[in-house]
Amino acid sequence: MKHVLLTVVFLGIACVAMAHELLSPNGNLKLNVVLDSEGGPVYSLYYKGEPVVEPSALGILMEEADLSNGFRILDATNSTFDETWMPVWGEYEKVRNHYNELTVTLSQPAKHDRMMIVRFRLFDDGLGFRYELPEQKTMNYLTVKDELTEFNLTGNHTLYCIPGDYDTNEFAYTTAAISEVREAMERNLRKKGYEAKATSFTVQTPLMIKTTEGLYINIHEAALVDYSAMLLNVDDKEFNFSAHLTPDKLGKKGYLQLPLHTPWRTIMVSDDARSILASQLILNLNEPCKLEDTSWIKPQKFIGVWWEMFTGGGGTWAYSDYYKAKPGITDYSKLTPNGHHPANTEHVKEYIDFAAENGIDAVLVEGWNEGWENGGGYLKERVFSFTKAYPDFDVEGLHRYASSKGVKIIMHHETYSTASDYERQLHDAFHFMVDNGYDAVKTGYVGRLIPRSEYHDSQWMVNHYLYVVKTAADYKIMVNSHEAVRPTGVYRTYPNWIAQESARGTEFESFNDGIRPDHTTILPFTRLMGGPMDYTPGIFEGDLSTYGSNKRKRSSTLVKQLALYVTIYSPIQMAADLIENYKRYPEPFQFIKDVAVDWDKTDILEAEPGDYITIARKAKGKNEWFVGAITDENARTATIPFDFLPDGKKYIATIYEDGKDADWEKNPQSYHIFKAVVTNKSVLKQKLARSGGAAISIVEATGEEGLRGLKKIK
């Protein structure tokens, strides 16, 4: 209940304790910082004069030191920073980093003058703050018991959230008022057979909030390095949140050594949902790129041996049947092939041929390496080799074949969460990749972790993921990590960390609990706030067999699957369906072939969390634009202005739309494609089916002759 007392104390001492104030560059956001009657730092945040975060406590509780009260303010300095920088890849060619900063230096006179700095950066679209502990005589090694950061909201707002869990981010989203979210979330968990691992009622970040007054708030963290990931404790009676750090299994929440700084805690605020999606605040709070040479980092599209293992066709990652294998396998040539192992030389060549014929950059192959019999979850031993292929997979021959076709092969390293063993093999694995022409790897961390003392989001694992990325950079290898901690913008510093999964992705379309139609209208406001997602869209066929005997319908229309290539950002995009399905639908597949993966400019045209999103993007270095519009389970009409186009020219738009009878449940394959003439004055009223979408590719018209007979959109 400390937050309630803080409110009273803050108001009571305002006349005697000087508050330090900070305004955002445009003046819309105001931050106040003050010490309460116990010498505890307290902050509050206002947007256009109205409270967003009411007085909230700051501080960290260590086993060796209580850094939450007994402070006096030694110094408080203000500064301004304004720069424009160019990402290696991203949604924008240039990013402006403009903020006003307040640095508050605190001292504990009764505790040997222990010092702590709280650094605040206020942008036009939100706040970032972190704790810093400079080198000092009375502290050195510290163990974190709790971080005491609070986020005291102003009412019973609506949350878009998933349960707090130390090991997975792959939950369906719950949308509910704070007072109702516990019951709604527990109901969803019971239905799906999940159980949150956190010991208190928590939710994960990024947390999206819509206030009762219509403000949009997003809470997350930036630059998560050498620290455990933050969940949020929920007080559903007082409508408040507080930091809940992921512990190890001893309950320790971090092992630190001075000097140090924590990750940034971030709060984005706007009265326009589009501004939340457009924010680059989290990226700006990360360190600049530390790689001297980034020329080898290439955004790309890929296909792969993957989806056929999910669709009930009998494909397996293992070369031999799991149950016939014995622990401690040493000679895989003596195993009996199961006859349905798709990661074989001839089948992979089919994917390479298809990629070459259709301008796809790369082919992912899962299940190529020894160890799936041991690592498949049925046996206690979970050891993979990342340098030895199954007998039916010719590494050198496929490298030569792919190179002759101008196609790359993407490596797959599924660790089954044996992170310690993966680290032991890492240099050998990356040497093997370089020797055989691989420059990108998809890593996986399915299952409970080894070492057994850790969770996926604990400090040790946060350091592990970054260690893999840094080591990969030494070998000029790009990393696409799955089942890892949710991203916090670290890809600015290490842009070879080209994508992550870290949320419920397309594979769940084949699982019994599936994906809801509103899922992809929430993801950009939550998971994607920290960085790009390998969502693996592009599933054209709607009847999906699960691992069992049940049947599922895909959660969207075919055209919505196209639109996801624009609305769910990633510089590495998979055309996830089977080759035969793309051959069956060559016309809509053309959009996947055409759509870019790297951008000069992004315009958020419409947005409402949980309901709809419409985004336009300009391809990097080209006069080509792409638009994606999606909706939830409700049909709607999207309003698409083309004012993002340059003035004074005509353009040809190829519009992929839901058919008149399209419906995600009844007729998901129905689509219609037409061309139209547009200018930057044009506005399109585009109908979207239930869980439907629209996808548009736009090129500049080269002459009047090519415009004849085309519809003109005014």
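Me: Which way do β17 and β22 (residues 264-270) pair, and over how many bridges?
Reply: They run antiparallel, with seven bridges between β17 and β22. Strands pair if DSSP finds at least two bridges between them, and a strand is a DSSP run of E with at least two residues, numbered from the N terminus. One spot to look at is A222, which stands opposite W264 in β22.

Me: Before I go on, what kind of model is it, and how are residues numbered?
Reply: It's a predicted model, where local features need pLDDT of at least 70 and side-chain atom pairs count only at pLDDT 80 or more, while totals for chains, interfaces and linings use all residues. Residues are numbered from 1 along each chain as its sequence is written, and side-chain values use heavy atoms, with hydrogens and water left out.

Me: What does β17 pair with over four bridges?
Reply: That's β16 (residues 207-210), also in the antiparallel sense. I209 has I217 in β17 as its bridge partner. Five residues sit between the strands of this hairpin, and G214 takes a positive phi near 95 degrees.

Me: Is β17 mostly covered or open?
Reply: Mostly covered: seven of the seven residues in β17 (216-222) are buried, meaning under 20% relative accessible area with a 1.4 Å probe, protein chains only. Y216, N218, H220 and A222 point one way, I217, I219 and E221 the other.

Me: And what does I267 touch?
Reply: Leaving out residues up to four places away in sequence, I267 touches Y43, L45, V53, D125, G126, L127, F129, F151, I217 and N218. Contact here is heavy atoms within 4.5 Å.

Me: Switching topic: how many cavities of 30 Å³ or more are there?
Reply: Six. A cavity is a set of points on a 1 Å grid over the protein atoms alone where a 1.4 Å probe fits but cannot get out, and lining residues have an atom within 4 Å of a point. Volume is the space filled by probe spheres set on the points, which are joined across faces, edges and corners.

Me: What about the largest cavity, how much space is in there?
Reply: About 270 Å³. It has 21 lining residues, and E91, L277, S279, L528 and M529 are the closest to its centre. Helix α4 (281-284) gives the largest share of that lining, three residues.

Me: And the volume of the second largest cavity?
Reply: About 130 Å³. Of its 15 lining residues, the closest to the centre are P487, T488, V490, W497 and Q500.

Methods:
On a 1 Å grid over the protein atoms alone, a cavity is a set of points where a 1.4 Å probe fits but cannot get out, and a pocket is an open set with protein on both sides within 12 Å along at least five of seven lines; lining residues have an atom within 4 Å of a point. Buried means under 20% relative accessible area, exposed over 50%, partly exposed in between (1.4 Å probe, protein chains only).
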